[in-house]
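Look at the model first, then read on.

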Amino acid sequence: MTDQQMETHIKEASSSLEVEGLYMTDVEKDNLRKVLSGEFSFSDLVSRYVTDAKKLGRKYA
């Protein structure tokens, strides 16, 4: 996948979220670039998000 194709996919995903009133952060866009480039897998990304959510939950529990 070329960088241009990657950016097109990210823009499409971001636009889809915006229609629902949600916004993709720069960190989320960067993480998606890493997945699309093969730096890490989608499963790895989900695991990172779950770990971060658990840490945040413990902080406010």
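Asn 31 lies in helix 2. Asn 31 counts as buried because its relative accessibility is 11%, and the cut-off for buried is under 20%. Which side chain does the side chain of Asn 31 contact? The partner is Tyr 49: the two side chains make a polar contact at 3.4 Å.

The model is predicted. Keep that in mind for every value here.

**Helix 2 and its end**

Helix 2 covers residues 26-37, 12 residues in total. From first C-alpha to last, helix 2 reaches 16 Å. That is close to the 16 Å expected at 1.5 Å a residue. What follows helix 2? Gly 38 does, and its phi is positive, near 90 degrees.

**Helix 1**

Ala 13 is found in helix 1, which runs over residues 3-19. Is Ala 13 buried or partly exposed? Ala 13 counts as partly exposed, because its relative accessibility is 26% and that class lies between the 20% and 50% cut-offs. Ala 13 and Met 1 are 12 residues apart along the chain. Their C-alpha atoms are separated by 16 Å.

The two residues with accessibility values sit side by side here.

| Residue | Relative accessibility | Class |
|---|---|---|
| Asn 31 | 11% | buried |
| Ala 13 | 26% | partly exposed |

**Rings**

Arg 48 lies over the face of Phe 40. The distance from the ring centre is 3.9 Å. What about ring against ring? The count of aromatic pairs comes to 0. The rule for a pair asks for ring centres within 6.5 Å.

**The whole chain**

How many helices and strands does the chain have? The secondary structure comes to 3 helices and 0 strands.

The C-alpha trace spans about 40 × 30 × 15 Å along its principal axes. The radius of gyration of the chain is 13 Å. A compact globule of 61 residues would have a value near 10 Å.

Burial can be given for the chain too. Of its 61 residues, 13% count as buried, and Asn 31 is one of the buried residues. The chain exposes about 4900 Å². Carbon and sulfur atoms supply 54% of that area.

Terms used:
Residues numbered from 1 in each chain as written. Predicted model: local features only at pLDDT ≥ 70, side-chain atom pairs only at ≥ 80, totals over all residues. Heavy atoms only, no water. Phe/Tyr/Trp six-rings, centres within 6.5 Å; stacked < 30°, edge-to-face > 60°. Lys NZ or Arg CZ within 6 Å of the ring centre and 35° of its normal. Helix = DSSP H or I, 4+ residues; strand = E, 2+ residues; numbered from the N terminus. Expected span 1.5 Å × (residues − 1). Rg over C-alpha atoms; globule rule 2.2 N^0.38 Å. Buried < 20%, exposed > 50% of the residue type's maximum accessible area, 1.4 Å probe, protein only. Areas by Shrake-Rupley, 256 points an atom, 1.4 Å probe, with all protein chains shown as cover. Polar contact = N/O pair within 3.5 Å; in protein donor to acceptor, adjacent residues only side chain to side chain.
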